[in-house]
Amino acid sequence: MSLAGKVVIVTGASTGIGATTAEYFAKLGAKVVLVGRNEAKLRSSAAACRLANKDAEQLILIADVTEKAEYIIDSTIQKFGQLDVLVNNAGIFETGNILDVDVDQFDRILNTNLRSVFLLTKYAAPHLVKSQGNIVNVSSLAGLRSFKDVSVYCVSKAALDQFTRCIALDLASKNVRVNAVNPGAVATDIGIRNGMTVEEYAAHLEKSKETYPLGRTGVTNEVADAIIFLASDSSSFITGATLPIDGGKHAVCPR
Ligand code: NDP
């Protein structure tokens with residue numbers, strides 16, 4: 001399908017990967033539903049969408065994905081009458097060794113990165129069957145590989161990958177595709193939100209470069225490009241895929 005005129009929900013569209021993805025969909029003429037909690041940042045993402053395409057319609061939904069999944073889908077249908085693509089991008093990253101993490105952190109991460117995706121998918125699915133649409137989940141390299149002191153986040157993304165494959169199978173006979181992207185490190189607000197200073201996050205990204213076969217970390221455009229690809233007809237025979245966008249890091253084995 002061409003993405004022009006299609007109705008696309010992007011959760012976590014206020015910053016980072018989601019903001020760039022919303023802008024890319026708008027540029028292609030999609031009607032974008034921007035979801036997040038921070039109104040000011042959502043409005044600035046919406047302005048960037050308008051700059052990319054002054055004619056593209058949009059809907060801003062100030063909503064917490066852990067609480068408002070049904071509202072997000074219902075509001076989209078109320079405004080546009082259909083749903084073609086659901087991009088489950090909203091997510092949080094937190095670190096902690098098993099000796100320190102508590103169950104609140106476990107619940108917070110799983111509620112945001114997994115449970116909300118389950119609910120959004122459940123409410124969206126009948127509409128996607130009608131429109132013959134598709135879902136793109138934003139997972140992580142942490143879903144495919146294991147990292148010290150990141151157990152809960154890794155588990156949330158590994159579960160999201162498995163959810164992606166299972167729902168791809170559930171909906172395949174209805175011709176609804178479900179895929180995921182698995183980015184490596186990409187400079188966004190994510191490190192700062194996890195408590196790093198700007199300097200610490202920059203230093204972390206700089207040091208990370210050494211671990212990437214392509215010699216650098218990623219940028220949001222590279223993830224948005226892959227999301228657009230998976231949401232479009234260019235990937236019409238791809239479903240259940242978890243696509244690493246990580247400069248080859250998933251393939252590395254220390255020696
Ligand atoms: P950001 O922190 O910049 O963006 C996260 C987005 O999620 C924000 O728009 C935030 O919006 C939204 N969000 C978080 N919690 C909620 C919630 N409860 N309800 C609604 N919206 C929420 O990070 P990224 O752009 O980097 O992250 C996007 C996705 O990419 C995440 O799923 C992350 O796990 C994944 N990812 C990121 C990587 C990276 O290195 N950056 C690497 C691999 C994966 P608001 O604050 O307005 O609610």
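Helices here (H or I, at least four residues) and strands (E, at least two) are DSSP runs, numbered from the N terminus, and the expected span of a helix is 1.5 Å times one less than its number of residues. Take α9 (220–231): its twelve residues reach 16 Å from the first C-alpha to the last, close to the 16 Å expected at 1.5 Å a residue.

Before going further, a word on what you're looking at. This is a predicted model, where local features need pLDDT of at least 70, side-chain atom pairs count only at pLDDT 80 or more, and totals for chains, interfaces and linings use all residues. Residues are numbered from 1 along each chain as its sequence is written, and side-chain values use heavy atoms, with hydrogens and water left out.

Thr-217 is buried at a relative accessible area of 13%. Leaving aside neighbours within four places in sequence, Thr-217 is in contact with Ala-185, Leu-205, Ser-208, Lys-209 and Tyr-212.

Helix α6 covers residues 151–172, which makes 22 residues. At 1.5 Å a residue they should span 32 Å, and the end C-alpha atoms are 31 Å apart, which agrees. Buried residues of α6 include Val-152, Tyr-153, Cys-154, Ser-156, Lys-157 and Leu-160. Among the elements covering the buried part of α6 are α4 (103–131), β5 (134–138), α5 (141–144), β6 (177–183) and β7 (242–245).

Ser-156 counts as buried, at 0% relative accessibility. Apart from neighbours within four places in sequence, its contacts are Ile-109, Leu-110, Asn-113 and Leu-114. With Asn-113 there is also a side-chain to side-chain polar contact of 3.2 Å. A polar contact is a pair of N or O atoms within 3.5 Å; within protein, one must be able to donate a hydrogen and the other to accept it, and residues adjacent in sequence count only if both atoms are side-chain atoms. For a sense of scale, Ser-156 and Gly-29 are 127 residues apart in sequence and 33 Å apart in space, C-alpha to C-alpha.

**Around the ligand**

How many residues surround the ligand? There are 30, and the closest are Ser-14, Arg-37, Tyr-153, Thr-188 and Arg-193; a residue is near a molecule if one of its heavy atoms lies within 4 Å of it. By class, this shell has twelve nonpolar, 13 polar and five charged residues. Here Ala, Val, Leu, Ile, Met, Phe, Trp, Tyr, Cys and Pro count as nonpolar, Asp, Glu, Lys and Arg as charged, and the others, Gly among them, as polar. Helices α1 (16–27), α6 and α7 (190–193) each supply at least two residues of the shell.

Here are some distances to oxygen atoms of the ligand:

| Residue | Atom in the protein | Distance to a ligand oxygen |
|---|---|---|
| Thr-15 | side-chain N or O | 2.8 Å |
| Ile-17 | backbone N or O | 2.8 Å |
| Lys-157 | side-chain N or O | 3.0 Å |

The ligand has 880 Å² of accessible area on its own, and the protein covers 96% of that; areas come from the Shrake-Rupley method with a 1.4 Å probe, and for residues only the protein chains shown count as cover.

Glu-94 sits in the loop between β4 (85–88) and α4. Buried or exposed, with a relative accessible area of 15%? Glu-94 is buried. Its side chain makes polar contacts with the side chains of Gln-105, at 3.1 Å, and Arg-108, at 2.8 Å. Glu-94 also touches Tyr-153, one of the closest residues to the ligand.

Most residues other than glycine have a negative phi. Gln-132, in the loop between α4 and β5, has a positive phi of about 60°, and is partly exposed at 37%. Asn-175, in the loop between α6 and β6, has a positive phi of about 65°, and is partly exposed at 49%.

How values were computed. Buried < 20%, exposed > 50% of the residue type's maximum accessible area, 1.4 Å probe, protein only. Contact = heavy atoms within 4.5 Å.
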